[in-house]
Amino acid sequence: MAVTGILLVLFLIAHMLGNLKIFSGATSFDHYAHWLREIGVPLLPSAGFLWIQRVGLLAAVLLHIWAATVLALRARAARPVRYAHRKKVRGSYAARTMRWGGVIILLFVIYHILDLTTGTLNPVGDPSRPYANVVADFAPERWYVTAFYTLAIVALGFHLRHGVFSALRSLGQQTPRGEQRARAVALVFAVVLCAGYLVVPFAVLTGLVS
Amino acid sequence: MNLTLRIWRQSGPQDKGRMVKYQVDDVSPDMSFLEMLDVLNERLILAGEEPVAFDHDCREGICGMCGLMINGDAHGPQRGTTACQLHMRQFSDGDTIDIEPWRARAFPVIKDLVVNRNAFDTIIAAGGYVTAPTGSAPEAHSVPVAKADADAAFESAACIGCGACVAACPNGSGMLFTAAKVTQLSLLPQGQPERYTRVIGMVDAHDEAGFGGCTNAGECTAVCPKGIPLTTIGRLNRDYLAATTRHADTPGT
């Protein structure tokens, strides 16, 4: 859970930084997208690095889901008779929503790939012009896309708030001061990542990027 | 105080069980929660009914026998308190109180509110001890122990094995108990020889007993009557990682 989660978090950081290139203009953004396909050429074939990354990420996602499923099934088996009166989990809203939040994120990732990687669900859908795809995607008349995107990113934020702390704990974080630090890092990281991802659709929505 | 109780009644392990409503009047706010149940039971006995079975022993909050899910809270609404040390002044006149046993596959209900916590003994038996003959208490300074380690070990050793951590855990995991029993020894010099075989043995016994896995949700710490911190689980994780990587299959290193 922790190790695959950390791999995915590293990807999320890189992806967010890449997204923010949209503020440097269409040429720069399209050039960046093109460059991603050219990493390692001629040592690797075109888009070779990207495919290595895709395979790695897919493996991490599948292992992450597998581990989560095992934990969820074990939890269900560990309490065959439910409480008649049960309080909500006090730890945090984030800890309580890890599983359903994860499902929302998975559905979003599937949609997101069909939308902006393959272009199947995108109004422009031209892989060579990612800037145009993004702008068309978050246009004001397609507000529901922005709404779903926002929901998924907020779910991701909550997922990371508990996930980052939990990963550090699973890997042996053991001091009380370290716990405070780990929780603070998780919270700040979740907020920064949410802001970094949400700024793009809202910039398109408000016309800052067009 | 007049209270309405809804208590889990189950005549034996095979019975399906159900919540049954009882009215208890003239409860003193100075009674403990268990004394309030004693009053109910006396009335039930006088009326010729079967009294409610519940576990208890010292009634001083140190033995770990009593354990009730009170209104969805393990050991009731007061933090750092066992059910026997909970007083009725925590409740108000006219309240309805739901009382259930610990719910976990590893803790089968024996009768009413009594559960079988043998699974904890199995975990202890898998390594929660030192095999060095320790004899009588040695001179305290003969084996130096850092103050911080002694304090942390003592914090873990405060675990009374009541099972509230399992009862409250959304995953039905007994990891806080296991972590406390592992780390009270792994922090001290006497616990070093078996440090890494202990952690693997006890975590395996925990999993085999049918407890769920830990997701660091933190419910256990919130209800623990002895306030065992969640960092204890981090210490267990660190020992477990060391045991499975560096010390694999080499007992005593």
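This is a predicted model: local features need pLDDT of at least 70, side-chain atom pairs count only at pLDDT 80 or more; totals for chains, interfaces and linings use all residues.
Student: Which residues touch the most other members of the largest nonpolar core?

Tutor: That core has 70 residues. Helix H5 of chain B, residues 175-186, gives the most to it, with seven residues. As for the members touching the most others, they are Cys165(B), Val166(B) and Leu176(B).

Student: Why does this core lie between two domains of chain B?

Tutor: Look at who gives residues to it. Both domains of chain B do, so the core lies between domain 1 (3-110) and domain 2 (117-245).

Student: How many residues does the second, separate core have, then?

Tutor: This one includes chain A residues, among them Ala95(A), Leu160(A), Cys194(A) and Val200(A). Its count is 28 residues.

Student: Now the contact between the chains: which element gives the most to the side of chain B that touches chain A?

Tutor: The contact takes 33 residues from chain B and 30 residues from chain A. On the chain B side, strand E5 (96-100), helix H7 (219-223) and helix H8 (231-245) each supply at least two residues. With seven residues, the one giving the most is H8(B).

Student: And how do the residues of that chain B side divide?

Tutor: Sort them by class and you get eight charged and 11 nonpolar. The polar ones number 14.

Student: Back inside chain B, how far apart do the C-alpha centres of domain 1 and domain 2 lie?

Tutor: The domains do touch: the contact takes 18 residues from domain 1 and 18 residues from domain 2. On the domain 1 side, those are eight nonpolar, seven polar and three charged. The C-alpha centres are apart by 28 Å.

Definitions and conventions: Residues are numbered from 1 along each chain as its sequence is written. Chains are lettered from A and ligands numbered from 1 in the order in which they are written. A nonpolar core is a set of buried Ala, Val, Leu, Ile, Met, Phe, Trp, Tyr and Cys residues joined through C-beta atoms within 7 Å. A residue is buried if 20 or more other C-beta atoms lie within 10 Å of its own, exposed if 12 or fewer, and partly exposed in between; C-beta atoms are placed from the backbone. Helices (H or I, at least four residues) and strands (E, at least two) are DSSP runs, numbered from the N terminus. Domain bounds come from an automatic or database domain assignment. Two residues are in contact if their C-beta atoms, placed from the backbone, lie within 7 Å. Ala, Val, Leu, Ile, Met, Phe, Trp, Tyr, Cys and Pro count as nonpolar, Asp, Glu, Lys and Arg as charged, and the others, Gly among them, as polar.
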